[in-house]
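Here are a few friendly notes to read alongside the model. Please keep the structure open as you go through the points.

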Amino acid sequence: MRTYLYMLMLCSAMVMQSQNCNYTLSGKIIDLHDDSVLPGATLIIAGLEKVVESDINGIYTFSNLCEGTYTIQISHPNCDTQAFKVKVSSDTKRNFKLEHHLEELNAITLRASIFGNKTKTNFEQKVTEQQLDRFSNGSLGDVLNTLSGVSSLNTGNTLVKPMINGLHSSRVVIMNNGVRMEDQEWGAEHAPSIDVNSIGNITLIKGAGALKYSGDAVGGIIVAEAAKVPVKDTIYGKTHVAAASNGRGGVITSTLTKSYVNGWYGSIQGSLKRFGDYEAPDYVLSNTGIFGRSIAARIGINRFDYGVEAYYSFFKNEIGILRASHIGGASDQVRSINSGIPLIIRDFTYDIDAPKQDVTHHLFKVRGFKNFKNLGKVTLQYDFQKNERLEFDVRRSSDDNDRASLDLALNSQTIRLDLDTNNSDLFNLKTGILAQYQKNVADPSTGVRRLIPDYERFNFGIYGVADFSITDNFLVEVGGRFDYFNIDAQKFYRSSFWEDRNYDVLFPELVVEVFGNQILTNPKLDYSNVSATVGTRYTFNDDYKLFANYSLASRAPNPSELFSEGLHHSASRIELGDLRFDSEIAHKVSVTLQKQGNTFGFSVNPYINFINDFMLIEPTEIRQTIRGNFQVWEYRQTNATLVGVDVDASLTFNDNWNFYHQFSMVKGYDETRDLPLIDMPPVSTMNGLVYQNKELKNLRVELRSEYTFRQNEFPDNNFEAFIPETSTLELVDVSTPPDAYHLLHLHTNADFSLSKNSTLNIGLSVSNIFDTNYRNYLNRLRYYADDLGRNFTINLKITY
């Protein structure tokens with residue numbers, strides 16, 4: 001019997017020794033709702049002393065595991081701790097999804113995150129809610145100007161259009177809470193209809209690689225999203241008040257959110273902004289005030305496998321345009337451009353008179369999603385937008401100044417269906433279809449020739465994007481998209497213009513009826529656009545990533561490029577479009593090397609963009625009208641090349657001190673005429689030194705230096721104007737760029753506890769510390785006045 005027991009024990013030992021205990025369990029910890037990675041999660045195997053943390057990419061790994069079933073407990077800041085069972089019989093990969101509760105109301109972030117998750121092989125940049133708070137009295141363009149590769153096309157300091165790698169307007173797509181903004185973005189002085197205080201975070205994608213959002217984003221895509229809502233019983237909010245010396249005004253904004261553990265939530269946010277005339281260092285910039293108000297609300301339910309949300313926003317801005325930029329005859333035009341100061345300087349006032357804009361934007365969205373076990377996440381969304389644009393010119397009779405010279409109403413409706421399979425780490429597929437209907441109505445009661453006609457536009461699109469993990473370190477992403485556009489317009493042309501453009505020969509079938517010297521036409525235009533992307537991401541030496549991406553973008557002409565024929569009042573220029581335009585085709589290649597580290601990090605992003613049939617607008621002459629003297633700007637197509645590089649770097653000296661650097665350069669060339677392109681950003685660099693002490697009231701002090709070089713490559717678009725008073729020809733210099741300039745800014749803030757759940761953040765900023773006189777090459781009012789002088793801003797933010 002004893003011998004039998006010895007033999008049994010020996011056999012058991014042999015079996016135990018033969019068991020394989022070299023298996024690995026690995027995967028990612030990701031957010032349940034948007035699949036973003038969650039670094040810093042702690043994973044514990046119950047019964048074993050095995051504890052690991054997910055890295056910066058959300059990846060975890062357990063090694064030396066035996067075959068069996070394990071219970072894994074996972075915890076993460078602002079997440080409920082959860083337990084999962086996993087069966088291991090070989091090397092196993094398993095992703096875990098957590099319900100992530102974002103409670104970053106008082107977090108301080110030194111720099112923007114430079115890796116996002118909208119695409120897998122495009123280098124992305126992010127702006128956090130804390131950074132957005134510093135721009136509560138600014139615009140979306142002001143916020144994005146802090147990122148490398150992003151500049152802005154300005155009309156004064158209140159009309160700011162984001163420019164990405166030298167491209168703007170219809171070439172930059174803006175997504176607002178999952179809705180593509182349709183707000184007459186074709187205009188050079190049409191700023192985005194978004195209140196920065198309603199945004200939780202912003203992701204910037206340079207180029208058209210994110211085909212889910214668009215195929216015509218030749219410049220890039222800006223994804224603005226609301227803050228996440230925790231799935232628990234809570235109520236919280238914040239109130240932000242900012243006051244500024246320049247403009248003698250400020251903004252107040254407040255947000256309140258209520259959520260429940262069953263997934264229901266509701267949120268409401270509102271803002272009120274009021275500024276009077278802004279000031280350059282030496283004079284008042286008359287009629288540059290702004291009066292803005294907005295409100296946004298959402299309600300929904302967010303559960304593990306399904307969710308529904310309804311969202312509504314109202315945005316209204318009344319914006320004055322520098323009075324000195326709207327002048328009379330040719331002699332005033334020449335004198336104004338050649339003068340060192342504006343021809344019209346008045347005392348400070350909060351009044352906003354003509355010339356001005358009055359823009360109202362409504363957005364409504366309802367979205368629902370459902371997770372299917374063997375299929376993926378299916379999302380259905382419907383959205384409606386109504387954009388009303390009024391532009392007021394300085395009329396000959398002051399009694400008519402209250403009557404808009406341009407009155408446009410654009411209604412847009414879109415429905416889309418998306419599928420995200422999110423099958424595994426090895427292969428993921430995103431696909432979807434959308435249909436959009438737009439109707440634009442130009443009110444004829446203005447008494448002024450309509451710049452943009454009545455039209456209807458239909459768009460149908462379908463896309464698919466897949467990514468493949470070749471190895472743990474090497475990923476490939478490919479995608480394609482097809483868009484069909486149909487435009488049906490009703491447009492009156494002057495007979496002389498119709499014949500000068502040879503339209504009577506090219507498009508006789510478009511003529512509906514002739515009324516004296518006016519021709520009524522019915523252009524029906526179709527565009528079929530194909531877009532594509534292919535890219536890779538390679539990770540090596542743990543801290544380094546290499547991104548490489550090729551994108552093909554196709555952009556159909558916008559209504560301005562096709563139909564413009566008249567005075568664009570708030571732009572103070574005559575614009576002429578061209579019916580003969582084809583779609584713009586862009587081929588962009590970009591490479592990014594990124595190093596992430598606790599002490600030193602950087603990214604270098606060179607790119608080249610070849611654009612066939614590039615549509616540009618440029619000045620050609622001065623024309624005298626009954627309302628005054630205006631420059632004529634004409635659209636034309638050419639082949640263009642844009643090449644540039646963006647550099648980011650940061651160095652952390654210790655727990656308190658941090659230094660960052662940015663450098664951006666882009667060069668644009670008209671290959672057909674062998675000339676530089678107009679309105680290309682000059683080379684710029686930014687450096688900042690940040691001191692932060694969490695032990696000292698979360699004190700943060702930042703000194704930022706900006707240097708903008710003189711643009712040394714530009715086309716010669718100067719022309720001569722006839723001066724009736726002297727019967728002479730005078731040169732109108734609209735080409736020569738202003739000098740280089742250097743600006744210094746200071747920002748500081750600290751936190752003070754008011755109660756257990758309430759904090760007061762006090763911030764003080766000084767921009768243009770030395771009150772420097774300068775003119776920005778990309779400011780369309782640089783011909784008439786200097787840019788802003790010194791500005792003191794105080795910010796008070798209460799979170800509760």
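1. A disulfide is here a pair of cysteine sulfur atoms within 2.5 Å. This is a predicted model, and a search of the whole structure finds one such disulfide. The partners are Cys21 and Cys66, with their sulfur atoms 1.8 Å apart. About the S-S bond of Cys21 and Cys66 the torsion is about 100°, so the disulfide is right-handed.

2. Buried or exposed, or something in between, for each cysteine? Buried means under 20% relative accessible area and exposed means over 50%. Cys21 has a relative accessible area of 27%, so Cys21 is partly exposed. Cys66 has 22% relative accessibility and therefore also counts as partly exposed.

3. Along the principal axes, the C-alpha atoms fill a box of roughly 130 × 60 × 45 Å.

4. How much of the chain is buried? Buried residues account for 55% of the 800 residues. The accessible surface comes to about 33,400 Å², and carbon and sulfur atoms hold 56% of that surface.

5. On contacts, consider those between residues at least 6 apart in sequence: 66% of them join residues at least 24 apart. As for charge, the chain carries 77 positive and 93 negative side chains, and the centres of the two sets lie 6 Å apart.

6. Phe709 is another residue to look up on your screen; its place is in the loop between β41 (699–708) and β42 (719–723). With 36% relative accessibility, Phe709 counts as partly exposed, because that value falls between the cut-offs of 20% and 50%.

7. Which residues does Phe709 touch, leaving aside its neighbours within four places in sequence? Phe709 is in contact with Pro682, Val683, Ser684, Thr685 and Ala740. For a separation across the model, take Phe709 and Ala296: they are 413 residues apart along the chain, and their C-alpha atoms are separated by 40 Å.

Technical notes
Residues numbered from 1 in each chain as written. Predicted model: local features only at pLDDT ≥ 70, side-chain atom pairs only at ≥ 80, totals over all residues. Heavy atoms only, no water. Buried < 20%, exposed > 50% of the residue type's maximum accessible area, 1.4 Å probe, protein only. Contact = heavy atoms within 4.5 Å. Areas by Shrake-Rupley, 256 points an atom, 1.4 Å probe, with all protein chains shown as cover. Lys, Arg positive; Asp, Glu negative; His and termini not counted. Charge placed at Lys NZ, Arg CZ, Asp CG, Glu CD. Helix = DSSP H or I, 4+ residues; strand = E, 2+ residues; numbered from the N terminus.
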